Amino acid sequence: MTVRKYLAATALTAVVAGPALAEDLTLCWAAWDPANALVELSKDFEAESGHSMNFEFVPWPNFADRMLNELNSGGKLCDLLIGDSQWIGGGAENGHYVKLNDFFDAEGISMDDFAPATVYAYATWPKGEPNYYALPAMGDANGWFYRKDWFGRDDVKAAFKDEVGRDLAEPKTQKELLEIAQFFQGREIDGQTVYGAAIFTERGSEGITMGVTGALYPWGFKYENTPGSYDMEGAVNSPEAVEALEFYKEFYKTATPPGYTNSYMGESLDAFKSGQVAMAMNWFAFFPGLYADPNTGGDKIDFFVNPPQNQPGSTLGGQGISVVSYSDKQDAALEYIKWFAQPEVQQKWWDLGGYSAHNAVLNDPGFKDSAPFAGDFLQAMENVQDFWQEPAYAELLLAMQKRMHDYVVADQGTAKEALDLLIEDWTEVFEDEGKL
């Protein structure tokens, strides 16, 4: 029996046999609005279990470096980790996460009770195989929000109809999205100059990759010609991919605020809340807070799914919750997983501002009307795509960050050249991994 299997079996026995002694558990995640909701939710677990919950929340720009370093060093800071979807391969293959299959079976936790896209993306490795290293915890995708009050103004609607030739409304395609953004670019509203949209261009962590894929996926981008083949030529640099990347650069150059050369989540939120932009992309996770904002929320804001072009497609966000294999408190950590998986807990999670992936919540007849963005969230999650979930995810991401930023922001080369170079980068990574 391997050490990992022994640890998992020991933890399983403890949970099945009865409650563990009171423990101080530490849950690690990113520092953002949903994390605050989870702190509130977890008070119920503390009351029911007798365990105490501590939280280690790291700002998004530093989250991956901080937590991946913790895992790679075998650190004991985190008993539970809500890790990004792209980490699942490394978490499984490097032994960072406890495999949960036996625990799920013993406790009657079925992955059929969770949205299929979230199980596939947040829990399984190899992809699609029934090997589970996490419970879907936080559904998320990249979506859009806009100034509904500006869209509804008679003078704005008349000007748009005159200039563009159609009625101003939520865009039905990526190209309509750009037309709207270009229409608002430099326009004066209430004596202020405004801009089209805030999009992601950040180079340091993952920002521009998450933004660019918002165009690539609707155009039909694929990472491989055949899943699992690592055959990227003709997929990563397809004509559709080239067109989508050129589109994203045009969007950046013609319809965004000046100086937004390194923008991600925070900059997008700031641009919208300060009244600079008519539209902005960001994760659904932020939408409850946006709607509640006293200045630009309420009846001034509305939301839409990332528009299709050749096909529907949204960039996947979100995370699963895993038990860290280096924890000395795996039995208590598994108790938390069991508690969190309950439908009534999942409903409260949604009510507090988290994004449940549980079918009992998502399929409830009243879910679509429970928030102004709830129906859009369901639609987005039906057509999500994720970045590579390979163990070498970090190297793959760094390469894409560089190539996309060099082309879109720094004006280096052509879109085709950027994608060709990206294939070269990724090929080298996969060769080093022994996969090519």
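Ala, Val, Leu, Ile, Met, Phe, Trp, Tyr, Cys and Pro count here as nonpolar, Asp, Glu, Lys and Arg as charged, and the others, Gly among them, as polar. The model on screen is predicted.

**Stop 1: the largest cavity**

Two cavities of 30 Å³ or more are present in the structure. Start with the largest, which has a volume of about 90 Å³. Select Asp84, Glu206, Trp283, Gly317 and Gly318. Of the 15 lining residues, these five lie nearest the cavity centre.

Now colour by domain. Domain 1 covers 19–140 + 317–385, and domain 2 covers 142–315. Each contributes at least three residues to the lining of the largest cavity.

**Stop 2: the second largest cavity**

Move to the second largest cavity, with about 60 Å³ of space. Show helix 9 (174–184), helix 10 (207–219) and helix 11 (239–255). Each of these helices supplies at least two lining residues. Then select the lining, including Trp144, Gln174, Leu177, Gly211, Phe247, Phe251 and Asn306. The count here is eight nonpolar, four polar and no charged residues.

**Stop 3: salt bridges within a helix**

A search of the whole structure gives 21 salt bridges. Select lysine 43 and glutamate 40, whose closest N and O atoms are 3.1 Å apart. Both sit in helix 2 (residues 33–49), three residues apart, so about one helical turn separates them. Lysine 43 is partly exposed at 44% relative accessibility, and glutamate 40 is partly exposed at 39%.

Next, pick arginine 66 and glutamate 70. Their salt bridge has its closest N and O atoms 3.3 Å apart. These residues are four apart in helix 3 (residues 60–72), so they too are separated by about one helical turn. Is glutamate 70 buried or exposed? Glutamate 70 has 12% relative accessibility and counts as buried, because the cut-off for buried is under 20%. Arginine 66, at 33%, is partly exposed.

**Stop 4: a bridge between distant parts of the chain**

Return to helix 11 and select lysine 253 with aspartate 411. They form a salt bridge, with the closest N and O atoms 3.1 Å apart. Lysine 253 is in helix 11, while aspartate 411 is in the loop between helix 18 (393–408) and helix 19 (415–432). The pair is 158 residues apart and links distant parts of the chain. Lysine 253 is partly exposed, at 40% relative accessible area; aspartate 411 is also partly exposed, at 46%.

**Last stop: a network**

Finish by selecting Arg153, Asp155 and Asp190, which are linked in a network of salt bridges.

Definitions and conventions:
Residues numbered from 1 in each chain as written. Predicted model: local features only at pLDDT ≥ 70, side-chain atom pairs only at ≥ 80, totals over all residues. Heavy atoms only, no water. 1 Å grid on protein atoms, 1.4 Å probe; cavity = no way out; pocket = protein on both sides within 12 Å on 5 of 7 lines; lining within 4 Å. Points joined across faces, edges and corners; volume = space filled by probe spheres on them. Domains from an automatic or database assignment. Salt bridge = Lys/Arg side-chain N within 4 Å of Asp/Glu carboxyl O. Buried < 20%, exposed > 50% of the residue type's maximum accessible area, 1.4 Å probe, protein only.
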